[in-house]
Amino acid sequence: MLELAPDAASAKAGRGQAAPAKWSDAGASGRAVWGACQGSGKRPYQTTVETAGPAFRCTCPSRKFPCKHALGLLLLWSEGQLPRAEEPGWVHQWLDERAARAERAEKKTDAPKDLEAAAKRAQERLARVTAGAAELRGWLADRVSAGFATFERGGTDELYTVASRMVDAQAPGLANGLRRAAALVGRGRDWPDRLLAELSLVYVLADAANRLEALPAGLADTVRTRLGFSVSNAQVLESGERVPDQWLVTGAIDEEQDSLRSRRTWLRGKRSGRNALVLSFAPPGRPLDSSLPPGFEVAGELVFHPGAVPLRAVFDHREEPAVPVSGPVGGTCASALADHAAALAADPWLDRWPVLLSDLRPARHGGGWALSDVDGAALPLVPAVDPWPLLALAAEQPVTVAAEWTTSGLRPLSCWHRDGMVRL
């Protein structure tokens, strides 16, 4: 619960509020938890948390979100110290107002649109993307033919300039690839090789943009997504592949880019063996979705976005509560690499792949560290990742690790040790 805290000070203050003696009229229902906490004023602060969001409301003057009272209330709830009760009027009213606003927003989103105008705009954008991709292919062919000998002097600026043209062509996926390439120039002794590999992927994407109709349906969907054509959740729920299962939350990782926080949450189906990626986003100061805690299993139906390798998914419905899993069974390094190779063959732009590996031990790898399995195969850790927490756990006995496999190595997310999960 303290992962919701906006900073360390709020987390510490929230722990201080997690005492039953500080609260009165506290309770929990299927929708929310609530209570009254006496502060410095005459009237106690009324605090409510809608657990599905989560969403917070407190009458205290704090400008932090969530405040310490909401954090303390959630800690009490997670420890089973809030009794089941009927929602008081002030809680019921706030929840009903939120539900009404959500219903109005949904009706507004689902309102009929001018389909002919929307189709025309889509065609116009596709024409701009296609023209930009054709221009980019010509530039890349000329630039690679000229070689990278002078690239360190002006290549970075040149790549950013071309990336700006791709933004104008409404192809953000191509622009992002060029920016990634620009970040490689002059970095490390083998930067020309890595630059060529990145530009090759950009070229293949630009080439595919000009022949979408000739591609298999799944690959065409992948190309559209990589180019930057978004698919709404409503479209996914309407036509996406549905997979009901018991989903183990293997790990999650948070990132911040351009003042937007994001969370990648990886899941694996117990019966289907399918990997799934659930994304959530939040602006600064707002909490990310924390309803899928790593190490827990949740029953529900996931609906997958279209693509050659369907990974991203959204829940259509899920059952409560989530159940902790003590010791999931993973595969070997060889099987993980084989699965990744098959996925990469279908989607060459795949930049990360979820793995769940069992019976791992630490091993030296060149100047860094790796994790070795029972067959003696090893996967190197990403150099930028602090290896010591994981190495300390794995040194005592073999562990099960959930991680992302990338071109830079293995990025551990979660570790199961002595039947307990440790988030890395």
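Begin by selecting Leu136, Leu159, Leu174, Leu178 and Leu195, the residues with the most contacts inside the largest nonpolar core, which has 33 residues. Such a core is a set of buried Ala, Val, Leu, Ile, Met, Phe, Trp, Tyr and Cys residues joined through side-chain atoms within 4.5 Å; buried means under 20% relative accessible area, exposed over 50%, and partly exposed in between, with a 1.4 Å probe and protein chains only. The model is predicted: local features need pLDDT of at least 70 and side-chain atom pairs count only at pLDDT 80 or more, whereas totals for chains, interfaces and linings use all residues. Residues are numbered from 1 along each chain as its sequence is written, and side-chain values use heavy atoms, with hydrogens and water left out.

Next, colour the elements that give two or more residues to this core: helix 4 (115–146), helix 5 (151–168), helix 6 (172–182), helix 7 and helix 8. Helices (H or I, at least four residues) and strands (E, at least two) are DSSP runs, numbered from the N terminus. Helix 7 supplies the largest share of the core, 8 residues.

Centre the view on Leu159. Apart from neighbours within four places in sequence, Leu159 is in contact (heavy atoms within 4.5 Å) with Trp139, Phe151, Leu178, Ala181, Ala182, Val185, Leu195 and Leu199.

Now select helix 7 (residues 191–209) together with helix 8 (residues 217–227); their axes come within 10 Å and cross at roughly 115°. The axes are lines fitted to C-alpha atoms, for helices over the stretch in contact, and angles run from 0 to 180 degrees between N-to-C directions. Which residues meet here in helix 7 and helix 8? Leu205, Ala208 and Ala209 of helix 7 meet Val223, Arg226 and Leu227 of helix 8.

Move to Gln17, in the loop between helix 1 (8–16) and strand 1 (23–28). Is Gln17 buried or exposed? Gln17 counts as buried because its relative accessibility is 10%. Show also Lys22, Trp23, Cys37, Lys68, His69, Gly72 and Leu76, with which Gln17 is in contact once neighbours within four places in sequence are left aside.

Finish at Leu337 in helix 10 (residues 333–346). Leu337 counts as partly exposed because its relative accessibility is 35%. Beyond neighbours within four places in sequence, Leu337 is in contact with Leu379 and Trp405.
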